[in-house]
Amino acid sequence: MTQVDVLILGASGYGGGELLRWLSTHPAVKTLRGTARSHAGKPFHAQHPNLRGLVDGTFEATPDWEALASSPAPVIFSALPHGELGKLWPELEAAAKTHPGLLERLIVIDLSTDFRLDTAWVYGLVDWKPERMAGAKRIANPGCFATALQLALLPLAQWQPAFVAVTAATGSSGSGAALSETTHHPSRAHDFKAYKILGHQHEAEVLRTLASLGWEAPLSFVPQSAPMVRGIFATVQFPLPAGLDTAALKAHFEAFYQGRFFVRLVDGSPRVAATVGSAFAELAVAAKGGHGAILVALDNLGKGMATQAVQNLNLSLGLPEWTGLRSAGGWPA
Ligand SMILES: NC(=O)c1ccc[n+]([C@@H]2O[C@H](COP(=O)([O-])OP(=O)(O)OC[C@H]3O[C@@H](n4cnc5c(N)ncnc54)[C@H](OP(=O)(O)O)[C@@H]3O)[C@@H](O)[C@H]2O)c1
């Protein structure tokens, strides 16, 4: 098995912490380092107390290019806020270029929006045409809402329903580790509200994928902020194509996701708590009269982020996609 040396940019954030957690036990990871500005010099467990005693290491202020250059298989995960890797990219390229061959060997997986619409990068929606990831060196990991929505919508593309109404609720960790009014416990813990109504930034990547299948989907997306820490629960409703009922819709989804280890079809409702802390997404379907509904639950920091990024690394390296990821979360969450 190829052994990789990993650097996580923005390792002190929520995504960085999840990457440290999953990659620390990954059999293909030889070394694990992480950068952070405000926590440089502190141990990983100063920001991620769950890693104390398990994941040794210290946040570094800047990437150690010598260490990456000396690796036969260097990997960067960027868990920086939106816009930051895009700004940093010319500098990173210039630094990497001082080490012959490094840029060509280097795998970069970005968790932000920066390169999701950039055709020079592979769009890392891992359960859709996973063969695209084989050998990929630049992967743009999808957004958490965008992952949930596309898992629901892609199997519908062959019918191109005339209208799709989506509501999707997210937990507070979706906003990252920095403190803000919207994640402040008193204003969040006992509230439930919509935000960025009909105007969420993840629509663009969803519409782009569907357009690539010839579906100019009339999507109406209302994101919601739910009183939970992790998780996304999406409800997608659409006019049911003629001849379909719940059993036929379920059979279609099962066939569509056959062999996709981390997508599981359930009866009734998916459970956010059944996916939290794991790499799984759960889907359920329902149909009645002329109406169809697809329900999706996943962990925004897992399938919506870090575990999808690790799955992408696995596929890029030619490893089974579940390598280092075959684990359930806790129950109850
Ligand atoms: N949270 C989610 O559910 C989720 C899901 C999918 C994708 N994403 C995307 O993944 C990326 C990481 O998300 P996250 O939730 O892990 O974010 P986060 O918790 O806010 O972490 C951001 C990290 O970047 C570092 N950083 C470096 N330059 C920075 C700058 N100029 N401003 C602020 N922080 C900076 C921060 O630490 P220092 O300040 O110490 O450097 C921190 O380690 C984001 O692009 C986000 O949109 C998030």
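Trainee: At what angle do α6 and α11 pack?

Mentor: Their angle is about 100°, with the axes 8 Å apart. Axes are lines fitted to C-alpha atoms, for helices over the stretch in contact, and angles run from 0 to 180 degrees between N-to-C directions. Angles under 35 degrees count as roughly parallel, over 145 as roughly antiparallel, 65 to 115 as roughly perpendicular and the rest as oblique. That makes α6 roughly perpendicular to α11. Do keep in mind that this is a predicted model, where local features need pLDDT of at least 70 and side-chain atom pairs count only at pLDDT 80 or more, while totals for chains, interfaces and linings use all residues. Residues are numbered from 1 along each chain as its sequence is written.

Trainee: Which residues make the contact between α6 and α11?

Mentor: Two residues are in contact if their C-beta atoms, placed from the backbone, lie within 7 Å. Here Cys-144, Thr-147 and Ala-148 of α6 meet Lys-303, Gly-304, Met-305 and Gln-308 of α11. For classes, Ala, Val, Leu, Ile, Met, Phe, Trp, Tyr, Cys and Pro count as nonpolar, Asp, Glu, Lys and Arg as charged, and the others, Gly among them, as polar. This contact has three nonpolar, three polar and one charged residues.

Trainee: How do the axes of α6 and α8 cross?

Mentor: Helices (H or I, at least four residues) and strands (E, at least two) are DSSP runs, numbered from the N terminus. Helix α6 spans residues 144–153 and helix α8 residues 203–212; their axes come within 9 Å and cross at roughly 30°. The two are therefore roughly parallel to each other. A crossing is left-handed if the near helix is turned anticlockwise from the far one by less than a right angle, and right-handed if clockwise; α6 passes α8 in a right-handed crossing. Ala-146, Leu-149, Gln-150 and Leu-153 in α6 touch Glu-205, Val-206, Thr-209 and Leu-210 in α8, a contact with five nonpolar, two polar and one charged residues.

Trainee: Where do α1 and α11 meet?

Mentor: From α1 come Gly-15, Glu-18, Leu-19, Trp-22 and Leu-23, and from α11 Met-305, Ala-306, Thr-307, Ala-309 and Val-310. By class that gives seven nonpolar, two polar and one charged residues. The axes of α1 (residues 14–23) and α11 (residues 302–317) come within 9 Å and cross at roughly 40°, so the helices are oblique to each other. Their crossing is right-handed.

Trainee: Which residues come nearest to the ligand?

Mentor: A residue is near a molecule if its C-beta atom, placed from the backbone, lies within 6 Å of it. Of the 29 residues around the ligand, Gly-10, Gly-13, Gly-15, Ser-112 and Gly-176 come nearest. The elements that give two or more residues to this shell are α1 and α11, and α1 supplies the largest share, three residues. The shell has 12 nonpolar, 15 polar and two charged residues.

Trainee: What does the domain assignment of the chain give?

Mentor: Domain bounds come from an automatic or database domain assignment. Domain 1 is 4–114 and domain 2 is 144–300, with C-alpha centres 30 Å apart. Their contact takes four residues from each of domain 1 and domain 2. The ligand shell draws at least three residues from each domain.

Trainee: Which residues does a cis peptide bond join?

Mentor: Trp-331 and Pro-332, with omega about -5°. Pro-332 is found in the segment after α11. For another backbone feature, look at Lys-196 in the loop between β9 (193–194) and α8: its phi is near 40°, a positive value in a residue other than glycine.
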